Amino acid sequence: MPNNHQFYMSEALALAKQAALEGEVPVGAVVVAAGEVIGRGYNRPITTCDPTAHAEIVAMRQAAQFLDNYRLTDCDLYVTIEPCVMCVGAMVHGRIRRVIFGAPEPRAGALASQFKLMDPSHFNHRIDWQGGVLEQQCSQLIKDFFKNRR
């Protein structure tokens with residue numbers, strides 16, 4: 001098996017492709033606890049008429065239901081694109097342990113690109129994070145999606 005980060009990011013990429021098939025911006029996410037995927041999500045704000053239906057939020061909702069707990073301590077979240085401010089806020093409230101993302105989001109990324117919300121002074125809960133896992137594949141999926149829409 002490839003390293004765990006690549007394996008779980010591949011799962012998120014498959015979900016992102018599903019989003020693209022539904023006309024949504026192709027972002028996918030999975031929540032992992034003890035090596036098991038317990039939450040899956042892809043972008044669905046258009047199809048659900050819900051501005052909060054980002055991949056990360058959908059995956060966290062499913063994981064919380066699975067655990068029967070809104071606290072997602074000891075959970076890692078894999079997402080194809082760097083999360084936005086809303087999603088990082090939800091991760092903080094849910095106490096996600098770690099976020100692993102694929103490609104940076106230069107316009108709205110809230111961990112490294114535009115905002116650095118995990119700098120020590122912002123919140124009472126810190127989330128470890130890293131970017132760049134399967135970055136090229138994640139980035140290409142978004143580029144192709146928008147290229148085909150123009």
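## Aromatic pairs

Ring pairs join Phe7, Tyr8 and Tyr78 into a cluster, where rings of Phe, Tyr and Trp (its six-membered ring) pair if their centres lie within 6.5 Å. The model is predicted, so that local features need pLDDT of at least 70 and side-chain atom pairs count only at pLDDT 80 or more, whereas totals for chains, interfaces and linings use all residues. Residues are numbered from 1 along each chain as its sequence is written, and side-chain values use heavy atoms, with hydrogens and water left out.

A search of the whole structure finds 4 aromatic pairs. Among them, Phe7 and Tyr8 are edge-to-face, at 5.2 Å centre to centre and 75° between the planes; planes under 30 degrees apart count as stacked, over 60 as edge-to-face and the rest as tilted. Phe7 is partly exposed, with a relative accessible area of 31%, whereas Tyr8 is buried, with a value of 7%; buried means under 20% relative accessible area, exposed over 50%, and partly exposed in between (1.4 Å probe, protein chains only).

Phe101 and Trp129 form a stacked pair, with 5.9 Å centre to centre and 20° between the planes. This pair links distant parts of the chain, as Phe101 belongs to strand 4 and Trp129 to strand 5, 28 residues apart. Phe101 is buried at 4% relative accessible area, while Trp129, at 34% relative accessibility, counts as partly exposed.

## Helix 1 and helix 5

Helix 1 (residues 4-21) packs with helix 5 at an angle of about 5°, their axes being 11 Å apart; helices (H or I, at least four residues) and strands (E, at least two) are DSSP runs, numbered from the N terminus. The axes are lines fitted to C-alpha atoms, for helices over the stretch in contact, and the angles run from 0 to 180 degrees between N-to-C directions. Helix 1 is therefore roughly parallel to helix 5, a term for angles under 35 degrees, with over 145 counting as roughly antiparallel, 65 to 115 as roughly perpendicular and the rest as oblique.

On the helix 1 side, Met9, Leu13, Ala16, Lys17 and Ala20 meet Gln137, Cys138, Leu141 and Phe145 of helix 5, contact meaning heavy atoms within 4.5 Å. The residues of this contact divide into 7 nonpolar, 1 polar and 1 charged; Ala, Val, Leu, Ile, Met, Phe, Trp, Tyr, Cys and Pro count as nonpolar, Asp, Glu, Lys and Arg as charged, and the others, Gly among them, as polar.

## Helix 3 and helix 4

Helix 3 (residues 55-67) and helix 4 (residues 85-94) pack at an angle of about 20°, with 9 Å between their axes, and these two helices are therefore roughly parallel to each other. Glu56, Ile57 and Met60 of helix 3 meet Met86, Cys87, Ala90 and Met91 of helix 4. The residues of this contact comprise 6 nonpolar, no polar and 1 charged.

## Positive phi in two loops

Arg95, in the loop between helix 4 and strand 4 (98-103), has a phi near 65°, a positive value in a residue other than glycine. Leu134, likewise not a glycine, has a positive phi of about 50° and is placed in the loop between strand 5 (128-130) and helix 5 (135-149).

Leu134 is buried, with a relative accessible area of 17%. Phe7, which lies in helix 1, is 127 residues from Leu134 in sequence and 9.7 Å from Leu134 in space, C-alpha to C-alpha.
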